[in-house]
Amino acid sequence: MKKQLKLIVCLMLCASILLSACLIEHNTEHNCIGENCQICRDIALKRELLKSIFLCLLCDSIFICVSHNTVIMSLFADTEKRKLNLVANKVKLTA
């Protein structure tokens with residue numbers, strides 16, 4: 001039940017984002033009544049919403065890339081540490 005609810009919420013969010021973009025595209029050349037135009041305010045609000053969503057996705061993708069690279073670098077450093085071990089390299093100590 002929870003998976004279905006999450007899927008429905010996700011689909012509704014995607015649909016609202018898509019419809020916001022469609023509203024902006026469709027109403028760019030409307031008959032503006034002047035300073036208190038409701039359509040102009042709606043378009044500005046939708047643009048800011050889409051810009052905020054884009055910036056969040058951009059920050060998330062940068063964070064994922066950095067964390068992925070950090071994991072790869074730590075794995076590489078861990079394998080290099082093992083190679084520097086004297087026992088692993090079978091170094092014989094002589095007096």
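Where is the place of I53 in this structure? I53 is found in helix 2, a helix being a DSSP run of H or I with at least four residues, while a strand is an E run of at least two, both numbered from the N terminus. Before going further, note that this is a predicted model, in which local features need pLDDT of at least 70, side-chain atom pairs count only at pLDDT 80 or more, and totals for chains, interfaces and linings use all residues. Residues are numbered from 1 along each chain as its sequence is written, and side-chain values use heavy atoms, with hydrogens and water left out.

**The overall picture**

The protein chain has 2 helices and 0 strands. Of its 95 residues, 6% count as buried; buried means under 20% relative accessible area, exposed means over 50%, and partly exposed lies in between, using a 1.4 Å probe and protein chains only. The accessible surface comes to about 9000 Å², and carbon and sulfur atoms account for 69% of that. Such areas come from the Shrake-Rupley method with a 1.4 Å probe, and for residues only the protein chains shown count as cover.

**Helix 1**

Helix 1 covers residues 2-26, 25 residues in total, and reaches 36 Å from its first C-alpha to its last, close to the 36 Å expected. That expected span is 1.5 Å times one less than the number of residues. Of the 25 residues in helix 1, the number buried is 2, so this helix lies largely in the open.

**Helix 2**

Returning to I53, its C-alpha atom is separated by 9.0 Å from that of I17, although the two are 36 residues apart along the chain.

Helix 2 (residues 38-83) also holds E48 and K51, which are 3 residues apart, about one turn of the helix. Their side chains meet in a salt bridge at 3.5 Å, N to O. A salt bridge here is a side-chain nitrogen of Lys or Arg within 4 Å of a carboxyl oxygen of Asp or Glu. The search of the whole structure finds 1 salt bridge.

V66 lies in helix 2 as well. Together with F54, L55, L58 and I62, V66 forms a nonpolar patch on the surface, with about 470 Å² of accessible area. Patch residues have over 30% relative accessible area and no salt bridge; like charges are joined within 9 Å, and nonpolar side chains (Val, Leu, Ile, Met, Phe, Trp, Tyr) within 5 Å.

**Cysteines**

How many disulfides does a search of the whole structure find? There are 0, a disulfide being a pair of cysteine sulfur atoms within 2.5 Å. The sulfur of C40 has its closest cysteine sulfur in C32, 3.5 Å away, too far for a bond.

**Partly exposed residues**

| Residue | Relative accessible area |
|---|---|
| E48 | 45% |
| K51 | 46% |
| V66 | 48% |
| I53 | 25% |
| C22 | 41% |
| C40 | 32% |
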